[in-house]
Amino acid sequence: MPNKRSRGEVRNGKLQKVAAELFLKRGYEGVSIDKIVELAGGSKSTVYSKFGGKCGLFISSIENLCRESNEPLTQIDYTGLNLEESLKKLSFHILKLITAKRSVELHRLAIGEAVNCPEVGEAWYTHGPARTTSFIRALLESRRNELRKTTIPIERMAVILHDSLTGDILYRLLAGVGKHENDEELERLACAAVDVILGNVCSNVA
């Protein structure tokens, strides 16, 4: 039995991986279950029994792509850094994540195809922006002692900082009128966003 589960997990993982790449390249309407199965192996019955069909596989693929994108944020080392320094480091990595070509393509795909598959919008938001914001919130929660007393809830601070990072630079990339900035510029933008948000709430900011 364990071997069967293992084979099933490998098979399903391959279906999700192949489907994700096809969806990113061709969009939802441009991909058929037949094509996914042709490239990934398995059968159409597996797609329906495990994912409920094309829309379910699409949602699962979106979730996996979001988790894959957010994984580097779980590996950040904040040793020896205060809250301000930690937030700037995290913000830089968030900017790198959301402005990466693959992330921009995923953003376009999820928003554009939510009409065809309504649940995908919720899946993308939950495993994408909301998950990314949770890293900011967790960091703020862990350093409460470095914050001045404020009426602004930590949850709101996290959302405001996340929104400031995903503003103009991301809109431009989504519209195709921006460029992918180098690390030096992303670091500058990250530091500026943190300075604005923490200016009145961090006891270590003058």
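Guide: Let us begin with an annotated span. The end C-alpha atoms of residues 32-51 lie 14 Å apart, and the span is 80% helix and 0% strand. The model is a predicted one.

Visitor: Which UniProt annotation covers residues 32-51?

Guide: According to the UniProt record, an unreviewed entry, these residues carry the annotation "DNA-binding region". The record also gives "domain: HTH tetR-type" for residues 9-69, again from an unreviewed entry. Over residues 9-69 the model is 82% helix and 0% strand, with the end C-alpha atoms 21 Å apart.

Visitor: How many helices and how many strands does the protein have?

Guide: There are 11 helices and 0 strands. Read from the N terminus, the order of elements is α-α-α-α-α-α-α-α-α-α-α. The C-alpha trace spans about 60 × 45 × 30 Å along its principal axes. Of the 206 residues, 44% count as buried. Among contacts with a separation of 6 or more, 72% are between residues 24 or more positions apart.

Visitor: Which residues does Ile-33 touch, beyond those up to four places away in sequence?

Guide: Ile-33 belongs to helix H2 (residues 33-40), and lies within the span annotated in the record as "DNA-binding region". With that exclusion, Ile-33 touches Lys-44, Val-47, Tyr-48, Gly-53 and Lys-54. The C-alpha atoms of Ile-33 and Lys-54 are 6.3 Å apart, although 21 residues separate the two along the chain. The relative accessibility of Ile-33 is 10%, so it counts as buried.

Visitor: What should helix H5 span at 1.5 Å a residue?

Guide: The 17 residues of H5 should span 24 Å, and the end C-alpha atoms are 24 Å apart, which agrees. At the start of H5, a side-chain oxygen of Asn-82 comes within 3.2 Å of the backbone nitrogen of Glu-84. Because 13 of its 17 residues are buried, H5 is largely enclosed by the rest of the structure.

Visitor: With which side chain does that of Lys-88 make a polar contact?

Guide: Lys-88 is in H5, which comprises residues 83-99. The side chain of Lys-88 makes a polar contact of 3.0 Å with that of Asp-195. Setting aside neighbours within four places in sequence, Lys-88 is in contact with Ala-190, Cys-191, Val-194 and Asp-195.

Visitor: Which residues of H9 are buried?

Guide: An α-helix has 3.6 residues a turn, so residues three or four places apart point the same way. In H9 the buried residues are Ile-154, Met-157, Ala-158, Leu-161, His-162 and Leu-165. Viewed down the axis of H9, they fall within an arc of 130°, and therefore line one face of the helix. The elements covering them include H5, H8, helix H10 (168-175) and helix H11 (183-198). As for length, the 12 residues of H9 (residues 154-165) should span 16 Å; the end C-alpha atoms are 17 Å apart, which agrees.

Visitor: With which residues is Leu-165 in contact, leaving aside neighbours within four places in sequence?

Guide: Leu-165, in helix H9, is in contact with Ser-91, Ile-94, Leu-95, Ile-98, Ala-190 and Ala-193. Leu-165 has a relative accessible area of 2% and is buried.

Visitor: Which residues of helix H7 are buried?

Guide: In H7 (residues 119-127) they are Val-120, Ala-123 and Trp-124. Their arc around the axis is only 95°, which puts them on the same side of H7. Helix H4 (54-70), helix H6 (101-113) and H8 are among the elements that cover them.

Visitor: How does Ala-130 count at 25% relative accessibility?

Guide: Ala-130, in helix H8, counts as partly exposed at that value. The C-alpha atoms of Ala-130 and Glu-63 are separated by 12 Å, and the two residues are 67 residues apart along the chain.

Definitions and conventions. Residues are numbered from 1 along each chain as its sequence is written. This is a predicted model: local features need pLDDT of at least 70, side-chain atom pairs count only at pLDDT 80 or more; totals for chains, interfaces and linings use all residues. Side-chain values use heavy atoms; hydrogens and water are left out. UniProt positions are given in the numbering used here, feature names are shortened, and annotations may be inferred rather than shown by experiment. Helices (H or I, at least four residues) and strands (E, at least two) are DSSP runs, numbered from the N terminus. A polar contact is a pair of N or O atoms within 3.5 Å; within protein, one must be able to donate a hydrogen and the other to accept it, and residues adjacent in sequence count only if both atoms are side-chain atoms. Contact means heavy atoms within 4.5 Å. The expected span of a helix is 1.5 Å times one less than its number of residues. Buried means under 20% relative accessible area, exposed over 50%, partly exposed in between (1.4 Å probe, protein chains only). The arc is that of the directions from the helix axis to the C-beta atoms.
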